[in-house]
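Please look through the two chains shown below, and keep the sequence and the model side by side while you read. The briefing after them goes from whole chains to single residues.

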Amino acid sequence: MATTAPPAAPTTTSWSKEDAKAARKANRKRHRNENAWAAAFMAAPVIGWVAFLLFPMGFSIYASMTNWNGLGNMTFVGFDNYVRLVQDPYFWKALWNTVFYMIGIPIGLAISLALALALSRKIRGRTFFRTVYYIPVISSLAAVAILWQWAYNGDFGLVNQALALVGIEGPNWLMDPTWSKPALIIMAVWKGLGYSTLLYLAAVQAVPRSLYEAAALDGASGWKRFTKITWPMVQPVTFFLVVTNIIGGSMIFTEINIMTPTGGPSWSTASLVWYVWNQAFRNLQMGYATAMALVLGILVLIVTIIQFRINRANDFSID
Amino acid sequence: MSLNAQTARAASGAIRDTAADTGRQLPQQRPNIFQRRKGATQESPAVNAILTIVLSIGAIVMAAPLVWMVSTSLKTKDGVYALPPEWIPDPFVWDTYARVFNDTYVLSGIKNSLIVSLSVTIIGTVFSSLAAFALAKLRLPGKNAIFIMLLSGMMVPFPTLMIPQFVMFSRIGWVDTLLPLIVPVILGNVIMIFFLRQYLQNVPDSLVEAAQIDGASYWKIFWTMILPLIRPAIAAQFILWFMAVWNDYLAPILYLNTPERQTLQVVIANMNVQYATQRDYPLIMAASVISVIPILVVFLVFQRQIIESIALTGSKT
């Protein structure tokens with residue numbers, strides 16, 4: 001731990017009750033000592049922040065205004081990359097696809113809240129169910145994407161075989177521009193369900209029983225108890241899940257790149273991050289890709305701030 | 001900066017709601033979410049029976065793809081295309097797993113993934129806890145500004161940073177090594193710092209002060225008092241972090257080109273491309289099974305702790 005060793009060795013402080021001046025001096029010394037230790041303890045993450053966040057960000061802002069292939073000279077072009085971005089139909093398509101994937105968020109949250117409510121009841125095998133629903137969460141996304149790519153196979157895939165059982169002829173999911181995005185959404189919901197269910201379950205079980213008892217005494221219906229007690233009480237978890245899911249969803253990349261390596265049929269699955277990655281590391285348009293990446297970061301920031309605003313406006317508390 | 005300050009304030013507001021009161025009693029009493037609750041509103045057995053059926057169907061849907069992955073990994077190359085699909089392979093081909101270890105880069109992938117995830121999470125946890133301790137309990141002018149500054153990092157998505165980071169690391173010749181995957185993240189995890197700081201704020205200051213008066217150095221206070229105290233919170237964050245690093249895909253594909261230097265996720269993704277053309281699906285699925293199994297075993301063994309701590313993490317938000 002050489003990097004965190006503080007500049008000054010700790011000293012034992014001696015208190016002199018008679019001499020207030022000496023005491024103050026000792027106190028100052030003690031504070032200086034404490035400050036030094038505190039600074040040393042915080043040093044690593046602060047260094048990381050400066051070197052791998054602040055510096056790259058600053059560099060990004062400059063690089064986004066250059067024409068640059070990542071190796072050669074950077075030619076300053078002002079806001080050309082941003083102008084190009086606004087006119088780039090692929091950018092808008094990728095942005096649209098990324099936003100489209102967010103449909104999965106309310107669907108996933110609704111299912112997981114329902115599951116959490118069911119699992120909060122006295123049902124046999126609750127622990128077993130919880131485990132089964134949670135296993136996709138811990139499975140690696142790369143493995144899951146490979147598995148689902150094969151499961152979506154039009155002829156031999158598990159999904160269409162299952163649909164055939166109920167007499168539905170499934171589409172060729174990942175090869176069909178209409179169904180490629182829904183296919184990815186279904187997979188994402190399947191993958192994330194266990195996590196949101198778990199958080200909701202903890203929140204549902206933390207609701208004081210007395211609230212339900214009082215509501216039942218007042219003759220509130222089950223639906224009313226849900227909308228007036230459960231839903232507001234789990235609101236912090238909903239907020240947390242919506243924020244983290246939107247941030248996570250805006251960075252969707254792995255499954256796109258594995259399941260549809262060329263951006264999908266008619267470019268129907270390419271996400272923003274995938275497009276940025278493709279431009280930067282396949283087409284070596286580093287300047288342009290940096291501009292897009294910055295725009296992505298700003299969009300995520302704006303959406304997050306709006307959500308915090310809305311959340312504060314709706315701040316809810318019982319009692 | 002004012003934006004960051006606002007979001008941080010809003011974040012801590014969201015925390016105050018749920019965490020402040022439940023969190024304070026954490027060290028003594030942790031809520032057991034497995035506990036059955038009694039009485040209160042009556043539950044109808046009929047409704048519970050229907051729910052059990054619905055949950056069972058759901059469980060089948062959830063488990064089917066993974067069961068199918070295992071099943072496919074044990075089939076012959078042609079058995080994969082059997083219609084209707086066979087769930088129990090006939091015959092069982094165990095040899096595929098031998099082929100995975102002998103003919104592919106899965107073994108080196110596991111080694112590389114372990115190097116990255118263990119070094120990052122173990123050392124990174126020490127750095128994070130030290131910072132959280134200092135942020136929660138030690139005096140330093142402007143430490144709240146430092147905390148907000150670190151928090152602002154959570155707002156910046158990795159894809160925004162990946163290009164400049166890549167250029168930085170390529171300038172110093174770290175491309176195709178594991179270092180770019182380790183160095184930027186080993187210095188501390190903001191989310192972990194955030195939760196540990198939150199946790200430590202519920203520990204009375206008098207504990208630390210008493211130790212100080214006894215003449216213990218801050219270094220010693222950290223190792224002998226703070227670290228054992230925050231162990232449950234660390235465990236929760238550690239596991240989540242380990243899984244995130246183990247399962248990471250975007251950063252490794254940027255940096256790792258040589259097959260034997262790649263992490264497991266990149267190895268199996270590349271196998272997916274390479275062997276799909278040879279229609280060797282059992283091999284691909286076997287490699288995927290292998291990539292899932294270590295985490296699955298850890299999960300099943302520590303299930304109770306993991307689920308409780310994740311639920312706890314959620315309630316702290």
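Predicted model: local features only at pLDDT ≥ 70, side-chain atom pairs only at ≥ 80, totals over all residues.

Residues are numbered from 1 along each chain as its sequence is written, and chains are lettered from A and ligands numbered from 1 in the order in which they are written.

**The two chains**

- Chain A has 14 helices and two strands, whereas chain B comes to 15 helices and zero strands; helices (H or I, at least four residues) and strands (E, at least two) are DSSP runs, numbered from the N terminus.
- Of the 319 residues in chain A, 41% are buried, and of the 317 residues in chain B, 42% are buried; a residue is called buried if 20 or more other C-beta atoms lie within 10 Å of its own, exposed if 12 or fewer, and partly exposed in between, with C-beta atoms placed from the backbone.
- The radius of gyration of chain A is 27 Å, while a compact globule of 319 residues would have one near 20 Å; this radius is taken over C-alpha atoms, and the globule rule is 2.2 Å times the number of residues to the power 0.38.
- Along the principal axes, the C-alpha atoms of chain A fill a box of roughly 95 × 75 × 40 Å.
- Two residues are in contact if their C-beta atoms, placed from the backbone, lie within 7 Å; among contacts between residues at least 6 apart in sequence, those that join residues at least 24 apart make up 67% in chain A and 78% in chain B.

**Domains of chain A**

- Chain A is assigned domain 1 (20-82) and domain 2 (89-313), with bounds that come from an automatic or database domain assignment.
- The centres of domain 1 and domain 2 of chain A, taken over C-alpha atoms, are separated by 34 Å, and eleven residues of domain 1 are in contact with eight residues of domain 2.
- On the side of domain 1 of chain A that touches domain 2, the elements giving two or more residues are α1 (20-63), β1 (66-67) and α2 (80-87) of chain A, and the largest share, three residues, comes from α1(A).
- That side of domain 1 of chain A has four nonpolar, seven polar and no charged residues; here Ala, Val, Leu, Ile, Met, Phe, Trp, Tyr, Cys and Pro count as nonpolar, Asp, Glu, Lys and Arg as charged, and the others, Gly among them, as polar.

**Where the chains meet**

- In the model, 92 residues of chain A are in contact with 85 residues of chain B, and α1(A) gives the largest share of the chain A side, 20 residues.
- The chain A side that touches chain B divides into 64 nonpolar, 20 polar and eight charged residues.

**The largest nonpolar core**

- The largest nonpolar core has 163 residues, and those with the most contacts inside it are Val276(A), Met292(A), Ala131(B) and Leu196(B); such a core is a set of buried Ala, Val, Leu, Ile, Met, Phe, Trp, Tyr and Cys residues joined through C-beta atoms within 7 Å.
- Helix α8 (residues 180-206) of chain A gives the most to this core, with 15 residues, and the core draws at least three residues from each of domain 1 and domain 2 of chain A.
- Apart from its neighbours within four places in sequence, Val276(A) is in contact with Ala289(A), Met292(A), Ala293(A), Leu296(A) and Pro159(B).

**Helix α10 of chain B**

- Tyr218(B), Ile221(B), Phe222(B) and Ile226(B) are buried in helix α10 (residues 218-229) of chain B.
- These residues are on the same side of α10(B) because they cover an arc of only 100° around the axis, the arc being that of the directions from the helix axis to the C-beta atoms.
- The buried residues of α10(B) pack against α1 of chain A together with α4 (106-137) and α9 (205-213) of chain B, whereas the face turned away from the buried side carries the exposed residues Thr224(B) and Pro228(B).

**Two leucines**

- Leu85(A) lies in helix α2 of chain A and is partly exposed, with 19 other C-beta atoms within 10 Å.
- Leaving aside its neighbours within four places in sequence, Leu85(A) is in contact with Phe91(A), Ala291(A), Met292(A) and Val295(A).
- Leu229(B) lies in helix α10 of chain B and counts as partly exposed, because it has 16 C-beta neighbours inside 10 Å.
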